[in-house]
Amino acid sequence: MKLRLLTALAVMTAACCFSCRAHLRLPDGFQPDGGWSMLGGNSGHTGFYSGQLHLPLELLWQFRARGPIVSSPVVMGGAVCFGSLDKRFYLLSVMDGQLQGSLKLKSSISSSPAMAGQTVYFGTEFGDDTIYAVDLDTGDMRWKAEIGDISASLTLARQMVFVSSGSGSFHALSAEDGSELWWFQTGGRVNSPAAVDGEMVYLGSDDGFLYALKAESGREVWRRQLAGAIWWSPVAHEGCVYVGSFEGKVYALRGEQGEVMWSYQGEGGLSGSPAMGNGRVYVGFDDGKLCALDATSGRLKWCFTVENAIPSSPLTSYELVIFGASDGTLYALDGETGELRWSYHAGRAIVSSPVAWQGQIFVGSMDGYMYAFGEGAEDSSAIK
Amino acid sequence: MTFNMELLAAEEPIMRRLSIILTISLICIFGLLSEGQAQFYFGKNKIQYTDFKWQVMKTDHFEVYFYPQERMLAEAAAAMAERSYRELAAKFHQPLSRPIPLILYSAHNYFQQTNTTPYMLPESVGGFMEFMKGRVVIPFNGSYARLDRTIRHELVHVFNLAKLRIVLRDHDKFQYYLPPLWMIEGLAEYWSGRWDARAEMVMRDAVISGNLVPLEQMYRINGTFQMYKEGQSAVEFIAQRYGEDKILRLFENWWKAKKFRDVLEITLGCSLKELDRQWQYSLKKRYFPLMKDHDMPEQVADQLTTVGSNLKPAVCPAMGLGEEGVVFMSNRMGYEAIYLLTPGEEGNKERRLVRGERSPEFESLHLHRSKLNLSGDGVLAFISKSRETDVLNLMDIETGCVVHKFKFPSLISLSSPCWSPGGDEIVFSGADFHGHVDLYMVEIQGGALSRLTADIYDDRDPSWSPDGRFLAFSSDRSPQGRRGFHSLYLYRIGEGEIEQLTEGSHNDYAPSWSPEGDRIAFSSDRKGVFNLYILDVGEGDRSVHRLTNIITGAFDPDWSVDGRQLVFSAYGNQQFQIYRMGIPDSLEPGVLALRSDGGDPWRPAKLTAPRAPSLVRYRKKLSLDIAQSAVSYDPVFGVGGGFQVALTDMLGDHQYYFLVNNIASARRDFLSSFNLGFSYFNLSRRTNFGGGGFHFVDDYFDDYYGWYYERQFGAFVTASHPFSKFHRIELSTLLKNSDKENYDTGKSRSTILSSSYFSFIKDTSLWGPVGPMDGSRMKLTLGLTWEPRSGRVFNRAVMADLRQYFRISHRISHAVRLVGRYSQGVEPQIFYMGGSWDMRGYPRRHFMGRKLILLNNELRVPVIDNLLVGFPFGNLELRAIRGAIFLDVGNAWNENLSLKEELYQVHGAFGIGLRARMGYFTVLRLDFAKITDFDTIFPRTRVQFFFGWNY
């Protein structure tokens, strides 16, 4: 009897240990490359893809998670990683969308992960409040840290993980071991990701302030009050910061004190993070307009109107701007003119921002599908 | 949905052994047909007077249900709805996937006929959104701006509920719960329109009079106008203090906790208690300083009334009354009524002239909508709802008799009549089938009707100048009218020209000419709340002078005969009272009434390209309202399971109910143990009718017949015809095959029976928190059950239930109920009595027999209005605890006795009781009774604790 009890305990312990080990492991031959490693493709969250994207796009594969997909995936070296509201983190093969592994967590994932080398970092929402670092090569959990409600995407830069907590604090952790390097408290809740450009970290809070901190130390350099709460990520590029407020005002700031270069007031409220490319800033509004602004002057270039709000941050390339909308459609516009070039209708709203890798587009939808598009035949018509 | 507990005291033998499913099914089936429906024991009647030829206009996001006469209105409503949809989809970050049904009525009198809800719709309901099919049902009241706001308000509910449902579903949370009502309605008010004078009035009064209800206790005033405004104020505070984004964030965080207060704390970072404290503090800072520069009405005018809400005063010439009096409307006793107040040496005397809400002639007096007016010889003109439409009544004040009525076939609703100086004509506002409110004039002799204005604008409150040449009235025809603002206008009698008198982004209402004809008193919110102003209309520039500076609101001025005083109503302490004040010799400096030349008239919204709406005829298409299943287990009777389904069409005119359950205790009995029922009810016509079929089989226990098995199947038809809101007849006929076997006696019988019942029902009751307080209820029933094959009469039944409620004071009443039941035949009906609902002090069903008589007397008194008991796990609150002192007398028997012998055999009970309201549907009852046979009073006090409304 005693032996049986001990055996049972041993089995249970082993099972527990096994379950602690992440089921996220890439198949052999995984080679991390540049890829799309975080929200916006880089620490400044510009959303710019420097490769070639050819239209029309064709659906290559789709994978169904068990719940809506709000966050954007990361794509590196044959792997697509993303979290879902079904409390799972998924790892798919980029070639065919086959499931390579998944990790069940205690709470949902609405923020985009970040990847560096072979390690993927992601955070969970209220109820688990933890940031995880998983080695995709070994499948081991490298570290985890309980920070708070994480609904904002992670930013990786300077071997640090920058994470915003719903409680209003902003943290910089060591990417290596998860130790906290510094933290910063804003005056409100922080739901927006931080953008990193050079030595500076830019962070928006729903207290209406944009904060500029030193990346190494977290020391505040300046703060600028905007017209309302900041829900979405700033975009930082070459010393300029572009950010929008909830009430639909877009700002461009630069300089040591964050002087406002220009501002643009949309007719509706802002519904997603801006993106930039080719000297333009692209912003989506909740009245269904995607507008292109001149990055230097803020002058409106064009607006394209869809049925419903545009919650996803656009993906830009040299020629195109691609975004998802609440009407469930993925749109591709001519970046110069705003003319519709291609579209695809998924089931439900597309809140996730599309990402690109080797000419392919990946985007998640509220219908629970992760879609992968690639170059289609010349004569294939615009899809759905 | 309300339950009618009387149904559970039905005439038929109550089956002791009922499967739970069947019990729930019957209750739910009848519960769906709540007191507004004719099938209930009592209840008032919702009458479908009008045969609407419904059509459907399909737009991008809506299906607008309308009838041809309101086509223009429907197009405007569709445009408003689409615009609101776009804005709200952006605000909620949530588009909707299905078209929203929007059902439009061109007048409130039509709206009250709707079957989309089983409830009676009082005039205070300006529209609603219902859960079953997500329908938005709205009446038009003459103002397009008001329609726009109402549509938007209801759509906020649609989006709000959808957002919460989707957020919970996306996060795998299936426990669907809603924010508190103040939050739901407050958000709808906040996002549907601006903060207006009425909102300001209610909030100022609440704060200054100390009647502000804290957020955590807002449930106490659920459904009241104050709750709406406090909610709107609180939501606005959240937006201003914490950011507009927090409102959306609150809903997006809905999955993070199971209680509103927790989600709020997660979102705002402060507790509900702290938020409440901050909000109340901000209100006090805002409103207390106003006392320095504003007046309370009783400080600047003589208060003439004190009890209840009193509105729409009109000066009554002295005539034979001695001094000048005032007529006004009041709901002080719960019913709407018109009173005459005359001053006297020993104080003011009040006489009730018209009792409203108790007869078909005066179903409603439009307390908040229609003014009163008297002619020089003391004939009162007032409007009442009488059956389908409104009627203009003329009443001689001295005799109290209605001397004439005018009913206009082309007009649905009327308001605010005004006599001509000579007493030959009356002008009033009227709404036609299209819903537009215009001015009309009727000649007293002959009744010829003339239409004075004919347009889309909301023309109200006409007032005749003393020289008979002009009408002053209020209208939204100015450019600011697009946003709902009303200004004053002058209409030249005989010429039809209209001249603008005032202008601005505010409201000017209720003009009243001075006796000299050189001034017009009116009510205006140009300074934030309604106050009285005087407009000079003599020679020269017309200027407006402020007369009152009341902190809350003053309305409906009327001049005394000598032109030196005004009577008006003012708001304070959550009620309206009537006041009288003198006109000062010199008024405040005036401002120009009209500074601009006006502007282009506005037109209602129209749907914009590119997609034109499609129009189709309405087709009855059923959809699911209720589908529920249940499984039950009883240690004695075994297992049962089943489901029930309710299907109705979009307009609620056609209702289908299906019920299936099985009570087999062994496999071999499965097929033979099905209980099936289906019924169909057609509510589209004035006479409601229905029918259905059933198959029931079960073992039953009856106190009289004992244990027996019965299998019955058959069909029934039923019809109900209302004569008025208060009276109806019902007829039902049932034909069934009945196989019955009595386990105790071994006797069995198999027969075909037909039962027919005919009832006359009257209900004018006024309800308090735990039951009726005033009015009367009556039900008289004749029943016959017979065997068609042999012609043999199984039983006859005569039943009477008479209830009268004598109002002793505002909160005390004496309730009397007399019940008599008699059945005769081969298998007479057996009636039961005993327990908390009829003969208190005795066990339930203690008395049984084919004859029954019962007399209840009960004095109903208030005890405690609110009792809050704190427990470690939370608070228990009992609201509206009422007391009762009762005397019950009655008996049931089978023998054929003389009346004297029957009276000698009656039993009685007397005692005291308490009733406590628990939520909306339940009343707890606690009675302490002593029983007697009228020879002896038995010493033991019987305590009974049960539930149920007062009779």
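**Entry 1: the chain A and chain B interface**

I looked up a charged pair and found B:Lys246 in a salt bridge with A:Asp206, with the closest N and O atoms 2.9 Å apart. I took a salt bridge as a side-chain nitrogen of Lys or Arg within 4 Å of a carboxyl oxygen of Asp or Glu. Between chain A and chain B I count 3 salt bridges.

This is a predicted model, so I note that local features need pLDDT of at least 70, side-chain atom pairs count only at pLDDT 80 or more, and totals for chains, interfaces and linings use all residues. Residues are numbered from 1 along each chain as its sequence is written, chains are lettered from A and ligands numbered from 1 in the order in which they are written, and side-chain values use heavy atoms, with hydrogens and water left out.

Next I checked polar contacts across the interface of chain A and chain B: the rule finds 8 residue pairs, both residues at pLDDT 80 or more. A polar contact is a pair of N or O atoms within 3.5 Å; within protein, one must be able to donate a hydrogen and the other to accept it, and residues adjacent in sequence count only if both atoms are side-chain atoms.

How many residues are in contact? I find 24 of chain A against 23 of chain B, contact being heavy atoms within 4.5 Å. The two chains bury about 1900 Å² between them, 50% of it on carbon and sulfur atoms. Buried area is the accessible area (1.4 Å probe) that two parts lose on being put together, summed over both. In chain A, the residues that lose the most area to chain B are A:Phe126, A:Arg189 and A:Trp231, together 30% of what that side buries.

**Entry 2: the cysteines**

I then searched for disulfides, meaning cysteine sulfur atoms within 2.5 Å. The count is 1 over all chains. A:Cys291 and A:Cys303 form a disulfide, with sulfur atoms 2.1 Å apart. The torsion about their S-S bond is about 100 degrees, so the disulfide is right-handed.

I checked exposure too: buried is under 20% relative accessible area, exposed over 50%, partly exposed in between (1.4 Å probe, protein chains only). A:Cys291 is buried at 1%. A:Cys303 is partly exposed at 32%. A:Cys81 is buried at 0%.

B:Cys418 is buried, at 7% relative accessibility.
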